[in-house]
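Colleague: Could you take me on a close look at one part of this model, the enclosed spaces and the chain contact that goes with them? I'd like one connected account that I can follow with the structure open beside me.

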There are 4 protein chains.
Amino acid sequence: MVVVMSPDATEEDVAAVVARVEAVGGEANVSKGLTRTIIGLVGDIESFHHLNLRTLRGVADVHRISDPYKLVSRQHHPERSTVWVGTGRQVPIGPETFTFIAGPCAVETAGQTLEAAQMAQAAGATLLRGGAFKPRTSPYAFQGLGVQGLEILAGVREATGMPIVTEVVDARDVTVVAEHADMLQVGTRNMANFGLLQAVGEAGKPVLLKRGMTATIEEWLMAAEYIARRGNLDVVLCERGIRTFEPATRNTLDISAVPVVQATSHLPVIVDPSHAAGRKDLVVPLSRAAMGVGADGVIVDVHPDPESALCDGPQALLGTELRELASAVRRLPPVLGRVDASERVREG
Amino acid sequence: MVVVMSPDATEEDVAAVVARVEAVGGEANVSKGLTRTIIGLVGDIESFHHLNLRTLRGVADVHRISDPYKLVSRQHHPERSTVWVGTGRQVPIGPETFTFIAGPCAVETAGQTLEAAQMAQAAGATLLRGGAFKPRTSPYAFQGLGVQGLEILAGVREATGMPIVTEVVDARDVTVVAEHADMLQVGTRNMANFGLLQAVGEAGKPVLLKRGMTATIEEWLMAAEYIARRGNLDVVLCERGIRTFEPATRNTLDISAVPVVQATSHLPVIVDPSHAAGRKDLVVPLSRAAMGVGADGVIVDVHPDPESALCDGPQALLGTELRELASAVRRLPPVLGRVDASERVREG
Amino acid sequence: MVVVMSPDATEEDVAAVVARVEAVGGEANVSKGLTRTIIGLVGDIESFHHLNLRTLRGVADVHRISDPYKLVSRQHHPERSTVWVGTGRQVPIGPETFTFIAGPCAVETAGQTLEAAQMAQAAGATLLRGGAFKPRTSPYAFQGLGVQGLEILAGVREATGMPIVTEVVDARDVTVVAEHADMLQVGTRNMANFGLLQAVGEAGKPVLLKRGMTATIEEWLMAAEYIARRGNLDVVLCERGIRTFEPATRNTLDISAVPVVQATSHLPVIVDPSHAAGRKDLVVPLSRAAMGVGADGVIVDVHPDPESALCDGPQALLGTELRELASAVRRLPPVLGRVDASERVREG
Amino acid sequence: MVVVMSPDATEEDVAAVVARVEAVGGEANVSKGLTRTIIGLVGDIESFHHLNLRTLRGVADVHRISDPYKLVSRQHHPERSTVWVGTGRQVPIGPETFTFIAGPCAVETAGQTLEAAQMAQAAGATLLRGGAFKPRTSPYAFQGLGVQGLEILAGVREATGMPIVTEVVDARDVTVVAEHADMLQVGTRNMANFGLLQAVGEAGKPVLLKRGMTATIEEWLMAAEYIARRGNLDVVLCERGIRTFEPATRNTLDISAVPVVQATSHLPVIVDPSHAAGRKDLVVPLSRAAMGVGADGVIVDVHPDPESALCDGPQALLGTELRELASAVRRLPPVLGRVDASERVREG
């Protein structure tokens with residue numbers, strides 16, 4: 001930590017900071033500049049937080065200089081991690097593979113879900129996504145089938161062999177969702193729902209943690225840290241667009257977040273181009289951008305009949321676009337040194 | 001709703017939209033422009049949502065033209081509402097009064113809380129805020145005293161007569177918080193936690209709903225609609241700053257949100273300048289801005305000893321600033337036609 | 001400046017930084033932390049910039065800790081400044097007064113401009129704003145009357161005695177605008193047009209510098225520094241809203257910018273609620289917020305006939321709202337210790 | 001255009017809108033909804049703009065439904081365009097090729113520029129970028145060599161055969177820059193400098209138009225329209241990052257802007273990953289993302305000795321990274337159906 005004193009700070013002000021730091025066992029190195037004095041702190045950062053140095057007279061600013069997350073940091077865990085999803089048949093998400101996840105935004109009926117899963121599988125997807133509990137901005141919108149949706153998903157897994165990724169929106173539902181699903185998704189609106197993060201951290205299943213649409217990368221990694229602290233390091237991060245001033249897309253896909261996360265954290269990171277763009281015509285180009293930038297996978301919406309979808313129909317792929325995406329998934333990752341996740345599936 | 005066709009849409013494309021709308025009992029008025037055709041829909045909007053018109057061939061865009069919220073809208077409830085807080089002694093928040101809410105960010109000890117409450121009361125505050133459950137970005141930060149904190153707050157209410165506003169961060173805690181508190185606060189990180197919104201909607205106590213730091217005003221009103229739909233219309237909105245590119249303040253106080261909300265919704269709206277700015281020196285000017293713009297109240301952090309605060313010490317007021325704020329609260333609202341809430345307290 | 005080394009930096013890396021700093025006559029104080037080393041630099045900051053320390057091996061980050069602006073900083077000029085506008089009759093903008101500036105967005109005809117000026121003056125305005133050169137997003141929109149508009153403004157000044165504020169959008173027009181106007185406005189789109197800033201810095205007239213709609217406060221003060229460096233310290237800053245994700249208003253008025261600027265710079269700062277909101281119904285509440293927060297003035301659009309305005313008609317005040325604003329200007333600033341600028345007009 | 005009436009609009013209010021529209025020769029189609037009436041306007045949009053319909057009583061909102069740009073729109077020019085840069089040897093930027101542009105951020109000396117050009121060329125670049133006039137936020141920073149820099153660039157073109165792209169920051173410099181350069185760059189800070197846009201529109205050279213860091217895509221296309229209206233359709237758009245709340249990168253590269261622009265405009269669009277990220281380690285992954293998404297090229301910073309660079313040293317590539325980028329440029333575009341621009345160079 002670095003404490004920056006204001007230009008009119010006195011010797012006494014500086015001494016007061018030093019005394020506080022030393023009182024908790026820290027070391028304080030004072031550098032007197034021409035217009036300002038700065039103080040470098042050495043010691044246990046947690047203990048410094050309680051000092052409230054920012055409230056002391058003459059203190060202009062306090063800069064933290066090391067990352068606030070630990071378990072998810074690459075600093076003490078330099079190898080990038082692989083997360084395995086599924087029991088029995090396990091699909092990897094990690095640095096050597098490219099994992100294609102697809103499925104309907106919402107589970108509506110057994111037929112629609114199975115058909116979407118088969119479309120996804122035919123296009124090369126190895127994991128099935130589908131929503132049974134839906135967080136919706138409007139209390140008047142379709143909220144999902146709940147447990148019945150989970151049962152449909154389990155049936156489709158039976159039929160296709162694809163492990164299931166599904167969202168949980170309430171800490172009280174974690175147990176039931178974990179009984180049915182292979183991977184628990186925490187959605188963008190719940191990234192800072194700390195009770196939910198702790199609950200999924202204890203559920204014993206891998207977690208797909210979407211970035212809050214207005215969260216910084218650091219806040220996102222801190223949310224992963226919440227999960228990790230409960231003993232669960234099987235967390236996959238998912239960039240899904242951030243809120244900006246640009247109206248042409250629903251959100252702005254922050255493609256740079258992928259290499260930034262990979263430089264800082266050992267956790268895998270994938271991209272959701274469907275929710276970022278909110279427009280079907282951008283899903284294929286953005287998926288290719290994700291492959292180019294080095295993402296560990298993509299997750300996209302597909303629906304056998306987007307016109308009748310109860311949720312996010314306009315962004316679901318079908319026909320031509322899905323074939324185009326399947327082709328990109330086959331051809332691009334190999335050029336960049338990755339194999340398709342299907343080639344590394346293992347029996348658990 | 002208005003459907004805008006793309007320039008290359010055919011007669012058949014237009015006819016397909018019309019047919020879909022008429023199939024659910026709606027009326028579709030077609031206007032053929034020089035380059036584009038638009039179709040105005042008349043009928044039940046909810047039924048139109050399920051049509052997924054955006055997915056039809058030739059449709060460029062679909063504009064919603066009426067507000068999506070109903071119970072909180074001013075359209076069918078033109079009088080602005082007053083919410084009464086407290087049992088026995090009831091404090092109003094509404095269009096004729098200015099309500100000054102103050103207290104410590106976090107309840108730490110009985111002594112600190114009582115002292116902060118007395119400071120607040122001496123400065124003119126009529127409601128006490130104080131956090132027992134704290135949502136924190138870092139799993140390593142102080143998370144609040146929980147139920148013990150609620151008991152401290154109840155004791156301080158006993159001692160001072162000030163009704164209590166406190167945050168609830170998890171749907172599973174709503175019952176216990178509602179037993180102790182007079183008003184339940186939903187914080188900025190939980191504005192889109194729909195399970196929590198529904199739970200506080202059923203708790204039988206007034207709710208203080210903070211704006212998500214990255215929520216649009218419309219999304220914020222939709223969150224209030226979630227609460228209202230469970231039968232609770234005693235919701236007070238609180239603007240607390242939004243996330244922007246400007247680093248000089250923690251968030252950017254969106255002061256315009258106050259008159260925008262007042263034009264659209266009948267619910268009261270107050271301002272939290274402490275969390276918006278994150279800087280003590282801005283709390284007084286921003287509180288005066290809130291009075292000037294016509295807010296129904298302010299909620300500010302006070303702490304008897306900010307240097308030892310476990311949470312947000314740098315923004316807590318004391319001494320000089322608190323006196324300056326007290327003076328503004330006494331002098332500005334009357335010029336703008338409001339009386340202090342203390343003058344309208346009623347026995348319940 | 002503070003140099004933060006990365007966790008894996010070696011002794012040699014640290015030594016290389018120290019050597020570079022000492023080579024230009026600086027002093028480098030090294031603090032070795034548990035996980036990171038930081039180096040505090042003492043000496044001439046300008047010389048450090050050329051060192052490109054960020055490119056050296058083992059350097060994680062470089063923090064600047066003092067403000068980059070000098071002439072406009074309050075550090076060496078603690079008294080807040082007053083800028084006087086007009087020849088002969090001079091109107092102040094500064095810390096003791098509240099200055100109400102009003103007029104039409106665009107000068108359309110002599111009659112419309114005179115009528116708007118008289119409306120403004122009757123409502124208490126002491127300076128007249130009006131655009132002769134208009135920067136427009138669309139090349140197909142009305143671009144202003146140019147020199148003819150300047151002549152109309154000069155005539156209206158003759159008739160009303162109000163000094164004139166008008167925008168200049170091109171460095172090549174600065175001379176002719178400075179011949180006619182009393183204060184040169186640099187608009188939001190030109191805040192980073194450095195050639196224009198330098199030209200107005202040499203024009204010998206006070207400057208009204210609007211904040212770029214996406215500029216940080218620091219960048220805005222650096223733009224003022226460009227003007228000041230050419231010898232012109234008569235700069236008034238104008239907050240006019242920043243671009244955010246909120247669609248309810250055209251831009252988000254950053255009301256906190258007023259006290260932030262006043263804490264950092266000695267220059268006066270006013271608020272433009274008309275362009276920030278883009279909605280007539282918000283102009284009066286936002287003007288009152290500006291008074292509450294301590295702004296040195298406001299600048300608003302008025303038009304005798306908004307329905308026929310060639311520019312920004314929807315935000316122009318008339319009738320009721322203008323009377324309401326006039327009343328607020330009379331009543332609020334005195335409560336906060338300011339007098340109306342009209343009471344301090346001096347003969348130059 | 002669509003006019004949305006407010007819920008309390010009267011029959012007379014609707015009739016007034018209709019009358020205004022018809023008075024300028026337009027047609028107004030009225031659709032009466034359950035809660036609101038909407039009016040679809042048919043006719044010349046330019047004439048409707050002058051009606052100020054938004055100021056009429058009972059009007060809640062006015063939606064524009066067609067794009068405001070014409071010459072750069074793909075609507076009447078469905079084929080995507082190719083822009084040729086250079087006299088004699090001409091390099092294409094367009095839909096069939098991938099064009100790699102590289103060079104130093106600032107021209108410092110003849111030696112440094114030649115060395116950077118040779119590095120760029122060896123890595124596969126076909127166009128040389130280099131700044132002679134630099135727009136800098138601080139008046140105390142290096143502002144470029146000016147005309148001397150242009151002469152250095154011309155000499156390096158002579159030596160290498162690479163056509164030159166260089167920035168012009170002031171309308172008064174356009175003539176001299178156009179005499180030396182093959183392509184004129186308008187930088188992010190000048191995207192809304194309308195005088196400059198008009199001047200480059202008349203200069204007879206292709207233009208590289210960077211997106212304003214806070215401009216919407218529509219505003220960016222309108223800036224291109226300004227240039228096109230002066231008779232110059234040889235405009236290449238360049239996405240270079242937008243300002244958001246995320247601090248990990250200097251700006252957020254809006255990779256979605258590439259396919260959005262390609263769907264709307266016929267102009268080529270390239271990506272600048274160096275200025276977007278401001279971090280050397282992200283330049284290669286972001287360049288690969290640009291290839292994946294379908295950009296028509298990239299423009300990157302290279303410098304023979306970043307440690308001594310006078311401008312943006314931390315983002316300049318060298319050694320390893322440059323080789324990695326060269327490899328990606330060779331391998332990725334062919335997989336996506338593009339050839340390297342060098343294979344389509346023509347003699348003019």
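Modeller: Happy to! A cavity here is a set of grid points where a 1.4 Å probe fits but cannot get out, and its volume is the space filled by probe spheres set on those points. Please keep in mind that this is a predicted model.

With that in hand, let's start with the second largest cavity, whose volume is about 140 Å³. Its lining is made up of 14 residues, and B:F245, C:R243, C:T244, D:R243 and D:T244 are the ones that lie nearest its centre. If you sort the lining by class, you get four nonpolar, six polar and four charged residues.

For context, the search of the whole structure turns up nine cavities of 30 Å³ or more. The largest cavity holds about 500 Å³ of space. A total of 27 residues line the largest cavity, with A:T188, A:R189, A:T214, B:R189 and B:T214 nearest its centre. Two elements give two or more residues to that lining, namely α7 (217–229) of chain A and α7 (217–229) of chain B. Of the elements, α7(B) gives the most, with three residues. The class count for the largest cavity is 13 nonpolar, eight polar and six charged residues.

Now back to chains B and C, which both have residues nearest the centre of the second largest cavity. Where these two chains meet, 34 residues of chain C are in contact with 34 residues of chain B. Within chain C, the residues that lose the most area to chain B are C:F245, C:E246 and C:V335, which together make up 20% of what that side buries. Between them, the two chains bury about 2700 Å², and 72% of this is on carbon and sulfur atoms.

One to find on your screen pairs B:R211 with C:E246, where the closest N and O atoms are 2.8 Å apart. On the side of chain C that touches chain B, the elements giving two or more residues are α8 (257–264), α10 (280–293) and α11 (319–335) of chain C. The largest share comes from α10(C), with seven residues. That side of chain C divides into 19 nonpolar, eight polar and seven charged residues.

Over all chains, the whole structure has 64 salt bridges. Among them is B:R157 with B:D182, whose closest N and O atoms are 2.7 Å apart. This pair links distant parts of the chain, 25 residues apart: B:R157 sits in helix α4 (residues 147–160), whereas B:D182 is in the loop between α5 (174–180) and β10 (183–186) of chain B.

Key:
Residues are numbered from 1 along each chain as its sequence is written. Chains are lettered from A and ligands numbered from 1 in the order in which they are written. This is a predicted model: local features need pLDDT of at least 70, side-chain atom pairs count only at pLDDT 80 or more; totals for chains, interfaces and linings use all residues. Side-chain values use heavy atoms; hydrogens and water are left out. Contact means heavy atoms within 4.5 Å. Buried area is the accessible area (1.4 Å probe) that two parts lose on being put together, summed over both. A salt bridge is a side-chain nitrogen of Lys or Arg within 4 Å of a carboxyl oxygen of Asp or Glu. Helices (H or I, at least four residues) and strands (E, at least two) are DSSP runs, numbered from the N terminus. Ala, Val, Leu, Ile, Met, Phe, Trp, Tyr, Cys and Pro count as nonpolar, Asp, Glu, Lys and Arg as charged, and the others, Gly among them, as polar. On a 1 Å grid over the protein atoms alone, a cavity is a set of points where a 1.4 Å probe fits but cannot get out, and a pocket is an open set with protein on both sides within 12 Å along at least five of seven lines; lining residues have an atom within 4 Å of a point.
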